[in-house]
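Visitor: I'd like a close look at the aromatic rings in this model, please. Could you walk me through how they pair up and what surrounds them?

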Amino acid sequence: MRRHACLVSSLLAATLLASGCQSTAIATDGTPTSSTSVTADTSAGRASQATLPASVRQDFSAWVRDFRQAARQQGIEDATLAAAFDPVRYQPRIIELDRSQPEFTRQIWDYLDSAVSASRVSQGQARLDEHRRVIEAVSERYGVPSEVLVAIWGIESNYGGNFGSFSTIDALATLGYDGRRPEFARSELMSALRILQRGDIDRDRMRGSWAGAMGHTQFLPSSFEAYARDGDGDGRRDIWGSIPDVMASTANYLSQVGWKPQETWGVEVQLPDGFDYSQTELDTRRLSQEWAAQGVQPVRGGALPNMASASVIAPAGAQGPAFLVGDNFRTIMRYNASTSYALAVALLSDRLAGKPGLVASWPRHEPALSRDQIKQLQQALNAHGFEVGTPDGLIGPNTRRGLRAYQRSLGVTPDGFATLSLLQRLNGEI
């Protein structure tokens, strides 16, 4: 799957974001998690143990015993194993979250309204001012703009207000025993044990999302091992309590997976009349100059940013804003493979840098389709000969391609944007 923290997002509600895997292990609702909520989660976890069937308690204990032995064989010391597993608890709530599939998707503008809200912007500017010396030093060292680092911080955990209250050990042990992807969880749990053994954090403070992502910018344990950095020089990598460590770790990740200091993420653009929307896919890449030759222009005037591998995206089709994005946008997607997420980080970073918001408006009159409705749409497209593959309730390139072909048959702009009216027309309702 993914190389980073928000590989976790595909474990979460993959349809929460309109155009990708959003999650929320990334806390996009901005609701702070206080110390009382940590206590509540802990208390609820203890209470749930008493109601577990004896067979589950016994099986989980046997699983933990076997895992301890496997970890010992991989060099984890007995003291670390005792600290990690003597208090370990099976968490039924984590299994509920792991297996839940949300019925409804969200339109991208609903997500962006919260992810790039006025309060998110003002809080981010305050955090940037508060930690400016540290953040700018990290930015200069790694070549990642300060505003991008703070934007990721804001969207991942509301600037530390909500990075999750689940014990990482409990969460990964529960998922390793009973989750949908046990081998992945086992591997992450082994990484978590190595982190404990190294002394970066103790068990009680190793907390995060139900799926194992940790700290202010939501690193999975394996990503922590590979990319976390000691930014304050105390010999530990503390992404829970040290802002220098948080910023250095986040910047190092982005730098290592491809951030280009000389490029921007992209820009909002105006598309010319008659533009071919089949080109609005991230895998269609051209020189900025080639897009300019087609009539693609920045909405605020001037020249397009110089990018060698630029794509045009139009998340709401011809009815909404369009963007020219480059390799740095794709690098943000390495953090979380969702265009909605990457666009939220990009737009928030622009606002933190003092740039204005979007020029074009979103088609707010268009309701979100449920997963069941998207399946119906895909089934209807297949039935009408516009092949989109196996209906799965998720809109991807194949579904957009089929929609464009259907729209062409109707003589309307073939932008591939799924709407309720298109579904109703396919079903003969209008």
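Guide: Happy to! Please keep in mind that this is a predicted model. The structure holds 19 aromatic pairs, and a pair of aromatic rings is described by the distance of the centres and the angle of the planes.

Let's begin with Tyr227 and Tyr253. Their ring centres lie 4.9 Å apart and their planes meet at 85°; since an angle over 60 degrees counts as edge-to-face, that is the class of this pair.

Now move along to Phe275 and Trp291. Here the centres are 6.3 Å apart and the planes are at 40°, so this pair is tilted. Phe275 sits in the loop between β3 and α14 (288-293), while Trp291 is part of helix α14, so the contact ties together parts that are 16 residues apart in sequence. Phe275 is buried at 8% relative accessibility, and Trp291 is buried too, with a relative accessible area of 0%.

Trp291 has another neighbour to look at. Arg286 lies over the face of Trp291, at 4.9 Å from the ring centre. An arrangement of this kind also involves Arg181, whose charged end sits over the ring of Phe184, 4.4 Å from the centre of that ring.

Elsewhere, the rings join into a group. Phe60, Trp63, Phe67, Phe85, Tyr90 and Tyr177 are linked into a cluster by ring pairs.

Finally, a phenylalanine in a strand deserves a visit. Phe323 is in strand β6 (residues 322-325), where Phe323 and Val325 point one way and Ala322 and Leu324 the other, and all of them are buried. Opposite Phe323 stands Glu268. Strand β3 (residues 266-270) runs antiparallel to β6, and 4 bridges join the two. Strand β5 (residues 311-313) is also antiparallel to β6, joined by 3 bridges, and there Val312 stands opposite Leu324.

Methods. Residues numbered from 1 in each chain as written. Predicted model: local features only at pLDDT ≥ 70, side-chain atom pairs only at ≥ 80, totals over all residues. Heavy atoms only, no water. Buried < 20%, exposed > 50% of the residue type's maximum accessible area, 1.4 Å probe, protein only. Pairing = 2+ DSSP bridges. Phe/Tyr/Trp six-rings, centres within 6.5 Å; stacked < 30°, edge-to-face > 60°. Lys NZ or Arg CZ within 6 Å of the ring centre and 35° of its normal.
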